[in-house]
Amino acid sequence: MTRLLESAHLYGAFDPLVEHLKSLSPARADLEIRSLDPRVRNGFSELATFVQALTARLKLRRDFELVNAWMAVFLKIHADTVALCSNRDEPEYQLLREALASWAREQQQEGERLASL
């Protein structure tokens, strides 16, 4: 999963990562999300890239329920890091904070679009 995250970060191609997650059992997907590294190294954050992948899926108007399920697991497991990024201004928290803000906007828009159908 780390290689898929790094590739997604470098090339902006999130489909291989999402397809990998879709191929996993719920327990295995939970384990993969649990294993995400909260550290930022050389401008790369596994947490932020994971959230960006979910946001990209929302922008494509695909897998709304699945994206929300993965995000719920992500928030439950990484709640401490998410809380830190909302309260701190250090650069290592900025990537995740920006990714979460973008996800929140897209999730709201897609949720409203689906509710109107």
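Predicted model: local features only at pLDDT ≥ 70, side-chain atom pairs only at ≥ 80, totals over all residues.
Me: Okay, and which residues touch the most other members of the largest nonpolar core?

Reply: That core has 32 residues, and L36, F50, V51, W70, F74, L96 and L100 touch the most other members. The largest share, 7 residues, comes from α4.

Me: Why is α4 called roughly antiparallel to α5?

Reply: Look at the angle. The axes of α4 (residues 46-59) and α5 (residues 64-77) cross at roughly 160 degrees and come within 9 Å. Angles over 145 degrees count as roughly antiparallel, so α4 gets that label relative to α5. The crossing of α4 past α5 is left-handed, too.

Me: What makes up the contact between them?

Reply: From α4 you get L47, F50, V51, L54, R57 and L58, and from α5 there are F64, V67, W70, M71 and F74. These residues split into 10 nonpolar, no polar and 1 charged. Arg counts as charged, so R57 is the charged one.

Me: Now over to V40 in strand β1. How do you know whether V40 is buried, partly exposed or exposed?

Reply: Its relative accessibility is 28%. Buried needs under 20% and exposed needs over 50%, so V40 counts as partly exposed.

Me: What does V40 touch, not counting residues up to four places away in sequence?

Reply: V40 touches S45, E92 and L95. V40 and P91 are 51 residues apart in sequence, with their C-alpha atoms 9.1 Å apart in space.

Technical notes: Residues numbered from 1 in each chain as written. Heavy atoms only, no water. Axes fitted to C-alpha atoms, helices over the stretch in contact; angles between N-to-C directions. Helix = DSSP H or I, 4+ residues; strand = E, 2+ residues; numbered from the N terminus. Parallel < 35°, antiparallel > 145°, perpendicular 65-115°, else oblique. Left-handed = near helix turned anticlockwise from the far one by under 90°. Contact = heavy atoms within 4.5 Å. Core = buried A, V, L, I, M, F, W, Y, C linked by side-chain atoms within 4.5 Å. Buried < 20%, exposed > 50% of the residue type's maximum accessible area, 1.4 Å probe, protein only.
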